[in-house]
Amino acid sequence: MTLLTTISSIFADQTVKPIVGVLFLHVLERGHYQEGFQSFQEAKGIVTNSSITFSANLDDHPDRPRWLRLTQRTAYHDGMLYGTPTLEDIGQRIIKVTAYNRETYETTSQNIIINVEQIIGLKFPYQVEFFVKNKDVEEVLVFEVQKQFKDRVQSIWDSNHLTIINITSALDRGGRVPLPIEGRKEGVYVKVGSNIPFSSCLEEEASPDEQCDDQQEPVSCEDTFSPHFIIDWCNILLIDKSKPDIPDADLIPGDGVLTDGGEYNPPSNSIEDRDYYLDYVVTITVPLVIALILCLILTYIMCCRREGVEKRDTKSSDIQLVHHHSIQDNTSELRDLAKSRDGIRPLSTLPMFNARTGERAPPRLPFNYDTSRVPLVLDQQ
């Protein structure tokens, strides 16, 4: 059985223009890419709930730009390309998006031309980063949800010019994957920027002097985020870029060349001869000496520390010695008697036939003789 993958591309190139320092989001709609599958065309445009997965990479490289991320919760959800470009990313990049039908093994693709631009004068020197504990990154990336979040930030930050700068999953910052329990979310970091200074309540919430825990309510600001957004008020981060960084006056960068310390002499490749005779003698002699000393100690204990028969007899009572010798004498006498058995074997041990000829042996006594009076050994008659 051979599985054939059909590759087709009926989509024209699409151009998008991200802005430096502003969150970029491009939704990969499943219904749009489903039109490129041959099975969809043969079905005369009937939309089916097929499982479709997306992949994205540079047109001439296997990976994506470092600022661009791709997420898709399941094969039945739309994909999302998102990220925040920097000044180093200004220019044009071609991203090849591939949609893969998991059921029919069909593949379609489209090129997305990304032109990163910079708007002169668009700056957000004041930035606040919130950690939302009850959301996944796909949930916060939705435009409606972003607007709801900005409206709640505006209530505690007196600014009408708020912009979401970046949205990052907690998993991208080393967070743990949540357990598959209902209500457990991975968590999202949302960074909001403005050109207006921070409000007093935000500065107090982010003060390092405040001791708080994960379940603590805001101290100064009104919690307008609950219950839609559960904020970790201990992880609020204020970033002030309005003041230029003053370099350290004592730090003088060098030219990268080490000072002259003489000519470098690498170690020689030749290996000096080494005498291992002393090491061999110590390795062999020391264990042998220890073994010899142990043998001498064991010999002394086994041979020189024995009491002896005479000493044992002097410490034993006469009754014990007589009992011991009587047992030995009786045993010797029984062994001698067993060796001198010259009489006729008992009838109970005689065979019923001749072992050599096979003839049946005749009975020595009459058939009706009282055998209870027959001695066991015939010599006793």
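Tyrosine 300 has its place in helix α6 (residues 277–304), where helices are DSSP runs of H or I with at least four residues, strands are runs of E with at least two, and both are numbered from the N terminus. The model is predicted, so local features need pLDDT of at least 70 and side-chain atom pairs count only at pLDDT 80 or more, while totals for chains, interfaces and linings use all residues. Residues are numbered from 1 along each chain as its sequence is written, and side-chain values use heavy atoms, with hydrogens and water left out.

Tyrosine 300 is partly exposed, at a relative accessible area of 45%; buried means under 20%, exposed over 50%, and partly exposed in between (1.4 Å probe, protein chains only).

Helix α4 (residues 143–156) has 14 residues and reaches 21 Å from its first C-alpha to its last, close to the 20 Å expected at 1.5 Å a residue, a span taken as 1.5 Å times one less than the number of residues. Its buried residues are Val145, Gln146, Phe149, Arg152, Val153 and Ile156. Seen down the axis of α4, these fall within an arc of 125°, so they line one face of the helix; the arc is that of the directions from the helix axis to the C-beta atoms. Exposed Phe143, Glu144 and Lys147 sit on the face turned away from that buried side.

Across the protein chain there are eight helices and 12 strands. Of its 381 residues, 28% are buried.
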